[in-house]
Every structure is written in structure tokens, then in C-alpha cells.
Amino acid sequence: MKPIPITDVSSLKNELKKYKMGKKLEIPRFNQLARMAYLGRLVMAPLDPEDPSCKSFLVHIQEPQGLAAHFIDLDEDLQDGILILDSEQSMAMAGIMQAGVEERARWHQALNERDFYFSSFYRPKDQEAQGEISQHG
């Protein structure tokens, strides 16, 4: 941000207004941020919760961890960074974050209901017979 003389109140108000509008990310950076949102690695907070006209969000990006860290590329300047996103991209990130949480919840629920024993040790009779034929013939 460029320095603004304190005596220039109108310039100060204009800069504050631009600041509160947030900014749009370019497509590659938006996609990187969206991946972190999907993984639940963003923390979002309204930029100015006391101003109903301010729809921008502060977004803190947490680095990917575990297995995700080996596969997901994140620009160095985004790692552990804080951005101010405009309202449109902020709402998109919130939706992506929600979709990621819902997907992981479904995956965990399916995992909890999965029966590993029978898929590992039980084969229906017709599959057993085919297995014996292929072993002997």
C-alpha cells in the first residue's frame, strides 16, 4: 500500500474502501486456495463484522499436512499466509470448504460401516468353484 498523507482524509477513506473490498485471486491461486479449503486448511473470518456493507473475509491458509503435503502444491507466499478476499470469492471458498467437510463425513461414515473381514475372507460358492478350477486347470 502506498503511503498516504494523514491530512488527506478523502484519499485515506478511498484507500480504506478499496482495502475493505478485498481482492480477487488469479485462477491458479484461487485453485490452490480452493484445494486448501476443500481439505479444511483455511480459517475464514469476516474482515469487519461490525460493518454490514463489508462482505470481504480474512483468510488464513494453513499448510497441507500428512499425505496431502506430498501431493498438493502451494505457492510459498501462500503458505501460512493471510489474505483479504472479496465477497464473491469468499462465498465460493466457504462453499468449497463445506463440500470438503461433507465429502469427508460421508467417507468416514462409509468407512465405519465397511466390513473388511468378509471382503477379505469370504467368497461366495460360485467364486470359490471358479478359483479351484483355475488353480487345477
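I started with Lys 24, which counts as partly exposed because its relative accessibility is 44%; the cut-offs here are under 20% for buried and over 50% for exposed. A reminder to myself that this is a predicted model.

Next I checked where Lys 24 sits, and found it in the loop between H1 and helix H2 (27-38). Which residues does Lys 24 contact, leaving aside its neighbours within four places in sequence? I got Asp 86, Glu 88 and Gln 89. Two of these contacts I looked at in detail. The Lys 24 side chain makes a polar contact with the side chain of Asp 86 at 2.6 Å, and another with the side chain of Glu 88 at 2.5 Å. For Gln 89, I looked up the C-alpha separation from Lys 24: 6.8 Å, with the two residues 65 apart along the chain.

Then I went back to helix H1 (residues 9-21). Does its span agree or disagree with what its length predicts? It agrees: 13 residues at 1.5 Å a residue should span 18 Å, and the end C-alpha atoms are 18 Å apart. After H1 comes Gly 22, and I noted its positive phi, near 75°.

Last entry, the surface. I found a nonpolar patch there made of Tyr 117, Phe 118, Phe 121 and Tyr 122, with about 530 Å² of accessible area together. I picked out Phe 118, which is in helix H5 (residues 116-121). Phe 118 has 46% relative accessibility, so I put it down as partly exposed. A note on helices in general: an α-helix has 3.6 residues a turn, so residues three or four places apart point the same way.

Notes:
Residues numbered from 1 in each chain as written. Predicted model: local features only at pLDDT ≥ 70, side-chain atom pairs only at ≥ 80, totals over all residues. Heavy atoms only, no water. Patch = residues over 30% accessible without salt bridge, like charges linked within 9 Å, V, L, I, M, F, W, Y side chains within 5 Å. Areas by Shrake-Rupley, 256 points an atom, 1.4 Å probe, with all protein chains shown as cover. Salt bridge = Lys/Arg side-chain N within 4 Å of Asp/Glu carboxyl O. Helix = DSSP H or I, 4+ residues; strand = E, 2+ residues; numbered from the N terminus. Buried < 20%, exposed > 50% of the residue type's maximum accessible area, 1.4 Å probe, protein only. Expected span 1.5 Å × (residues − 1). Contact = heavy atoms within 4.5 Å. Polar contact = N/O pair within 3.5 Å; in protein donor to acceptor, adjacent residues only side chain to side chain.
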